[in-house]
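Please open the model in your viewer and keep the selection panel at hand. The stops below follow one another, each with something to select and something to look for.

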Amino acid sequence: MSDPSHDHPPLSTEAPPDCPRCQKPLPLCICDSVTPIASRLSLLILQHPQEQDRALGTARLAAQHFKTAVVKVGLSWPSLAKALGRPVADPARWAILYLGSAKAADLDPESEVLALTRKGEVAENQRAILKAIEGVVLLDGTWSQAKALWWRNPWMLKCQRVILGPRQPSRYGRLRREPRRDGLSTIEAAGLLMAALERRPEIAEALDASFERMLARYREVEKAQPELTPRPRPRAKPDRRARIRRF
């Protein structure tokens, strides 16, 4: 009689290796479908070190679409030039996407990209400001992590702050709920902002298509290897009710 233990090979319990480019487990990787785009604008993505959503994160996938894009992980840098790794002639010609409490729908519902003043008001001469932009800075992380990056890097105030007013909500859908309708994934934000500033809608189309492929791959792997596709924990909404002190 044959040994039953030899009838079937033992199942491997080793985790699959990660892709060196997107840093996702290989079953989730779609890097081979990305073709870099030649763009006029530079792209810098600053990722909070506690952003751990590898399965659904899009920062490194977004960067692969641009030949000169840079991704840095950390909390603070002395200047834009230090974060970027090269000299910057004028930080004011760099747009930094930081929503904060501002909402484009309240300020100018017709615009998908809005330049703001340091007071969070709509800047004058929108067309001239946006036309002069030479590079884009994106903050990758949760809302609280993006806020931490914003406050820990005073040099960001030298950049031109912009916000987005997307026509459609994020394609994440139920996979990862955003606390605000105008909250987008990093790859969606990069596509919308770069396309608008360069007046090249094909940029957004390319990045959105990659995001759709990434989400489709995620759903496929989720059925076969759920251990590789953990769902992010729901983000708790802040309790704005006044606390009652007991004496």
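Helices here are DSSP runs of H or I with at least four residues and strands are runs of E with at least two, both numbered from the N terminus. This is a predicted model, in which local features need pLDDT of at least 70 and side-chain atom pairs count only at pLDDT 80 or more, while totals for chains, interfaces and linings use all residues. Residues are numbered from 1 along each chain as its sequence is written, and side-chain values use heavy atoms, with hydrogens and water left out.

Staying on H7, colour its buried residues (under 20% relative accessible area, with exposed over 50% and partly exposed in between, for a 1.4 Å probe and protein chains only); among them are Ile203, Leu207, Phe211, Met214 and Tyr218. What covers the buried residues of H7 includes helix H1 (59-63) and helix H6 (186-198).

Next, select Glu188 in helix H6, a residue that is buried, with a relative accessible area of 4%. Its side chain is joined to that of Ser170 by a polar contact of 2.8 Å, the term standing for a pair of N or O atoms within 3.5 Å, of which, within protein, one must be able to donate a hydrogen and the other to accept it, and residues adjacent in sequence count only if both atoms are side-chain atoms. Leaving aside residues up to four places away in sequence, Glu188 touches Ser170, Arg171, Asp208 and Phe211, where contact means heavy atoms within 4.5 Å. Asp208 and Phe211 also belong to the buried residues of H7.

Move on to Ser111, in the loop between helix H3 (104-107) and strand E4 (113-115). Ser111 is buried at 18% relative accessible area, and its side chain makes a polar contact of 2.9 Å with the side chain of Asp108. Beyond residues up to four places away in sequence, Ser111 touches Ala104, Gly165 and Arg167.

Finally, show the whole protein chain, which has seven helices and six strands. Of its 247 residues, 45% are buried. Among contacts between residues at least 6 apart in sequence, 74% join residues at least 24 apart.
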